[in-house]
Amino acid sequence: MEKAIDSSKPKASHGVEDDLSNEAEELLLTLPREKNFDGTYLYQFNGVWYRHKFLYGMISTRRHFQARDSDIIVSTFPKSGTTWLKALTYAIVHRSRCAFEHSPLLTTNPHELVPFFEISYSLNKKDIPSFEHLYTPRIFGTHIPYSTLPDSIVNSNCRIVYICRNPLDQFISCWHFLLKLAHDKESETLSLEEYFEKVCNGVQHAGPFWEHVLGYWKASLDNSHKILFLKYEDLKEDTHSYVKKLAEFLGCPFSNVEEKERVIEEIVKLCSFENMKDLEVNKPGRNIPGHIPKNSDYFRKGEVGDWTNYLTPSMSKRLKNLMEEKFSGSGLAFKLS
Ligand SMILES: Nc1ncnc2c1ncn2[C@@H]1O[C@H](COP(=O)(O)OS(=O)(=O)O)[C@@H](OP(=O)(O)O)[C@H]1O
């Protein structure tokens with residue numbers, strides 16, 4: 001692991017932007033760093049690895065973000081079902097605003113409707129985002145670990161929905177996403193084996209994976225009315241039941257038998273992988289202004305068990321062993337296929 005302590009280096013020599021505030025630049029110079037997939041760096045802050053923009057956003061958010069009691073936070077480890085859970089949460093919470101055939105989800109990517117608050121904040125910008133364009137209740141996404149969330153989120157009555165995914169599928173999903181990003185940026189890449197080694201050592205954005213998942217898992221056990229802990233595999237198996245559960249948790253249950261069945265089915269269909277990936281807005285070439293990933297990059301296969309097509313037996317054994325070791329005694333287990 002390198003330490004970014006050579007202050008004689010010219011600005012932007014880390015492959016980061018060259019318009020950093022002094023504070024941000026100085027911070028980066030003090031932190032351990034590791035090469036990321038695309039040749040830029042990940043920086044370790046309080047035991048967690050961050051891409052630099054998310055790191056600034058996390059710090060700025062901790063200083064400035066004021067959660068409201070009515071807010072909903074969709075929290076995830078990357079590539080664990082974020083896009084899906086954002087869509088489901090939005091569709092459930094704002095279902096009375098318009099008919100499903102006019103839902104904003106049909107024309108807008110879920111990441112635009114439900115912004116990551118740490119991307120909206122930055123140590124480079126003086127402006128604090130107002131989020132005035134968001135409906136109430138406001139819904140935000142985040143990849144920030146539980147232990148690092150802004151105090152106002154932990155201390156207010158806002159609710160958190162967390163989704164995670166078995167680490168083998170999460171790894172493969174992330175690998176494909178990063179390959180696409182690197183291809184689009186025409187940047188260097190790590191081999192599957194090199195990236196695997198990094199991930200096993202916890203070096204990935206928001207990693208280590210294990211600590212992220214365990215942090216929310218334990219918090220959800222201690223505070224089940226505030227944090228709903230979900231798994232991608234369960235949602236895939238029985239989306240209908242989880243839509244009902246989510247609505248109840250978020251304080252907007254389906255009121256009668258007829259609404260329950262009809263509306264839940266509409267929501268399941270609207271947010272399904274098959275529907276979302278074929279929407280015009282999620283076709284290749286479309287992206288959220290200012291975002292590097294294309295909207296289509298968020299939709300690949302949407303399956304459980306795709307890892308079997310890519311991981312060697314020794315890779316899958318290592319991840320399974322890690323999973324056993326890290327989650328031992330926690331009561332947490334994942335379906336792998
Ligand atoms: N609606 C819906 N239903 C089921 N699955 C879906 C859906 N939307 C996206 N996906 C799949 O989720 C994977 C992307 O993960 P994230 O959305 O967490 O990515 S991100 O963290 O927001 O970048 C990625 O998984 P893989 O296909 O295995 O790569 C997506 O295909």
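Ser-80 counts as buried, because its relative accessibility is 0% (buried means under 20% relative accessible area, with a 1.4 Å probe and protein chains only). This is a predicted model, in which local features need pLDDT of at least 70 and side-chain atom pairs count only at pLDDT 80 or more, while totals for chains, interfaces and linings use all residues. Residues are numbered from 1 along each chain as its sequence is written, and side-chain values use heavy atoms, with hydrogens and water left out.

Ser-80 sits in the loop between strand E5 (72-76) and H3; helices (H or I, at least four residues) and strands (E, at least two) are DSSP runs, numbered from the N terminus. A polar atom of the Ser-80 side chain is 2.8 Å from the backbone oxygen of Phe-77. Leaving aside residues up to four places away in sequence, Ser-80 touches Ile-163, Cys-164, Arg-165, Gln-170 and Tyr-232 (contact means heavy atoms within 4.5 Å).

Now for the ligand. There are 20 residues around it, and Lys-79, Thr-82, Thr-83, Ser-173 and Lys-301 come nearest (a residue is near if one of its heavy atoms lies within 4 Å). Helix H3 (residues 82-93) gives the most to this shell, with three residues.

As for individual atoms, a polar backbone atom of Gly-81 is 3.0 Å from an oxygen atom of the ligand. His-111 places a polar side-chain atom 3.2 Å from a ligand oxygen atom, and a backbone N or O atom of Phe-273 lies 3.4 Å from a nitrogen atom of the ligand.

Technical notes
Polar contact = N/O pair within 3.5 Å; in protein donor to acceptor, adjacent residues only side chain to side chain. Buried < 20%, exposed > 50% of the residue type's maximum accessible area, 1.4 Å probe, protein only.
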